[in-house]
Amino acid sequence: MTKDHDDGRPDPAHRRPEPMSDTAVEALGALSKALETTERARGHLYSFHQLTGTADFQLDEAVRLLREAGHPEEAERVRTELVGRNVTPGHWTFQLIEEYDDGYYRPFAALEAELTDRLAGGRRHLYEAELKRRRRS
């Protein structure tokens, strides 16, 4: 955990390196914010994955109850048409997650980290640290 110094400035880990411009700090802040939004989207994708899997297992109970209620044809339709069904052609939800992670999320996170290293010497959240200093009462 980092702390602010008595002079009101952010700790050294959150001070911009010289001669970094205001616009560069703002740009990295925007990139970081976009990555945070992507993190949230990724979380929703995992929720989609888990909820879809849960629903698929709940279908087993519907099939059982339909059979028990004397509706074997309907039970068989649910079993053959829905249980284990692909959510998109040829894909279960875990495959969508893998494609998202490999094709979008990881390259996004890697580029954000690379630019933070290159432009800010690895110092993260400079925009937020300066905003905190400006807004402190």
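Visitor: What should I know about the model before reading it?

Guide: The model is predicted, so local features need pLDDT of at least 70 and side-chain atom pairs count only at pLDDT 80 or more, while totals for chains, interfaces and linings use all residues. Residues are numbered from 1 along each chain as its sequence is written, and side-chain values use heavy atoms, with hydrogens and water left out.

Visitor: How many residues does helix α1 have, and what span does it reach?

Guide: Helices are DSSP runs of H or I with at least four residues, numbered from the N terminus, and the expected span is 1.5 Å times one less than the number of residues. Here α1 covers residues 22–68, and its 47 residues reach 69 Å from the first C-alpha to the last, close to the 69 Å expected. Gly70, which follows α1, has a positive phi near 90°.

Visitor: Which residues of α1 are buried, and what covers them?

Guide: Buried means under 20% relative accessible area, exposed means over 50%, and partly exposed lies in between, with a 1.4 Å probe and protein chains only. In α1 the buried residues include Val25, Leu28, Leu35, Leu45 and Val63, and their cover includes α2 (72–81), α3 (93–120) and α4 (126–135).

Visitor: How many salt bridges does the structure hold?

Guide: Side chains of opposite charge can pair when their charged atoms come close. A salt bridge is a side-chain nitrogen of Lys or Arg within 4 Å of a carboxyl oxygen of Asp or Glu, and the structure holds 10 of them. One of these joins Glu61 to Arg64, with the closest N and O atoms 2.7 Å apart, and both residues lie in α1, 3 residues apart, about one turn of the helix. Another pairs Glu114 with Arg118 at 2.5 Å, N to O.

Visitor: Are Glu114 and Arg118 buried or exposed?

Guide: Glu114 is partly exposed, at a relative accessible area of 38%, whereas Arg118 counts as exposed at 58%.

Note on methods. Helices (H or I, at least four residues) and strands (E, at least two) are DSSP runs, numbered from the N terminus. Contact means heavy atoms within 4.5 Å.
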